[in-house]
Amino acid sequence: MDDALINDPKGGMPRLLEIMRRLRDPDSGCPWDIEQDFASIAPYTIEEAYEVADAIEREAWDELKGELGDLLFQSVFHAQMAEEKGLFSFQEVADTMSDKMVARHPHVFGDQSREKSAEQQTQDWETIKAAERAAKARGGVLDDVAIGLPALMRAEKLQKRAARVGFDWPHIAHVVDKIAEEARELAEAREALPQEKIAEEMGDLLFVMANLARHLKVDPETALRNANAKFVRRFHFIERELEARGKRPHESDLEEMDGLWDAAKAAGL
């Protein structure tokens, strides 16, 4: 163990890797860190990625450095566990990503022209990724769409992948019709079917809504995050206005709060 490196405030990446090794040391490390495995750490990895996205969305640049560090630490943690199992090292992780970026940007690192639109570059990127998947001999079209993605994001990716092989509605009107059909089925399920069937019909409706977003070239995850943020802004407006009237939300009623919601909307919140 390199104590000098661990205590070097300018130690950079080598210092972080050494700290991770110390935390996982079976004799002198942290009991909690030693007990973890890939599955137990994965939820923290997802959480840290969302906290990075949250800092960016709020333009909290003073927080972003720390959030990126937290996310980097998750990669270091997984790589350390992999190295202990003889799978790969952090250096191999970095080299693999470097190789991938060079291969996927022939217009930067190769002899292809940089005179491309963003749309053409996106198409080229997907072509290269498809070739990579083929080289890995994946069994099915959908096999490598990550299970651990947020459900809405995974729905969109599954639909995109199926669309590449022709399994897609040709017109947006078909998607809208399907939304109406799924909404009717959900309403019918609510009246006559058990809760698990209602949940299934709700899932079907959400899945088709993600498909509509894809056809509209809207990122559904981002759209829903923005809608959440808008809801928070407007509800905070309601709370402030009620406080000015000497009230709290539970002392109000739907009619009053709905009127304040309309006022928040008119104010551009």
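The legends below describe several close-up views of a predicted model.

Residues are numbered from 1 along each chain as its sequence is written, and side-chain values use heavy atoms, with hydrogens and water left out. In this predicted model, local features need pLDDT of at least 70 and side-chain atom pairs count only at pLDDT 80 or more, while totals for chains, interfaces and linings use all residues.

**View 1. Helices α2 and α5 cross at roughly 55°.**
Helix α2 spans residues 12-23 and helix α5 spans residues 61-84; helices are DSSP runs (H or I, at least four residues), numbered from the N terminus. The two axes come within 10 Å, an axis being a line fitted to C-alpha atoms over the stretch in contact, with angles running from 0 to 180 degrees between N-to-C directions. The angle therefore makes α2 oblique to α5; angles under 35 degrees count as roughly parallel, over 145 as roughly antiparallel, 65 to 115 as roughly perpendicular and the rest as oblique. The crossing of α2 and α5 is right-handed, a term used if the near helix is turned clockwise from the far one by less than a right angle.

**View 2. Residues of α2 meet residues of α5.**
On the α2 side, the contact involves Met-13, Leu-16, Leu-17, Met-20, Arg-21 and Leu-23. Their partners in α5 are Leu-72, Phe-73, Val-76, Phe-77 and Gln-80, where contact means heavy atoms within 4.5 Å. The residues of this contact divide into nine nonpolar, one polar and one charged. In this grouping, Ala, Val, Leu, Ile, Met, Phe, Trp, Tyr, Cys and Pro count as nonpolar, Asp, Glu, Lys and Arg as charged, and the others, Gly among them, as polar.

Side chains of opposite charge can pair when their charged atoms come close. A salt bridge is a side-chain nitrogen of Lys or Arg within 4 Å of a carboxyl oxygen of Asp or Glu, and a search of the whole structure finds 15 of them. Lys-197 is partly exposed at 27% relative accessibility, whereas Glu-201 is buried at 8%; buried means under 20% relative accessible area, exposed over 50%, and partly exposed in between (1.4 Å probe, protein chains only).

**View 3. Arg-245 and Glu-256 meet in a salt bridge.**
The N to O distance in this pair is 2.8 Å. The pair links distant parts of the chain, with Arg-245 in the loop between α12 (220-244) and α13 (254-266) and Glu-256 in helix α13, eleven residues apart. Arg-245 is partly exposed at 46% relative accessibility, and Glu-256 is buried at 17%.

**View 4. Glu-59 and Lys-217 have positive phi values.**
Glu-59 is found in the loop between α4 (38-57) and α5. Its phi is near 55°, a positive value in a residue other than glycine, and Glu-59 is exposed at 55% relative accessibility. Lys-217 is in the loop between α11 and α12, with phi near 60°. At 78% relative accessibility, Lys-217 also counts as exposed.

Terms used: Helices (H or I, at least four residues) and strands (E, at least two) are DSSP runs, numbered from the N terminus.
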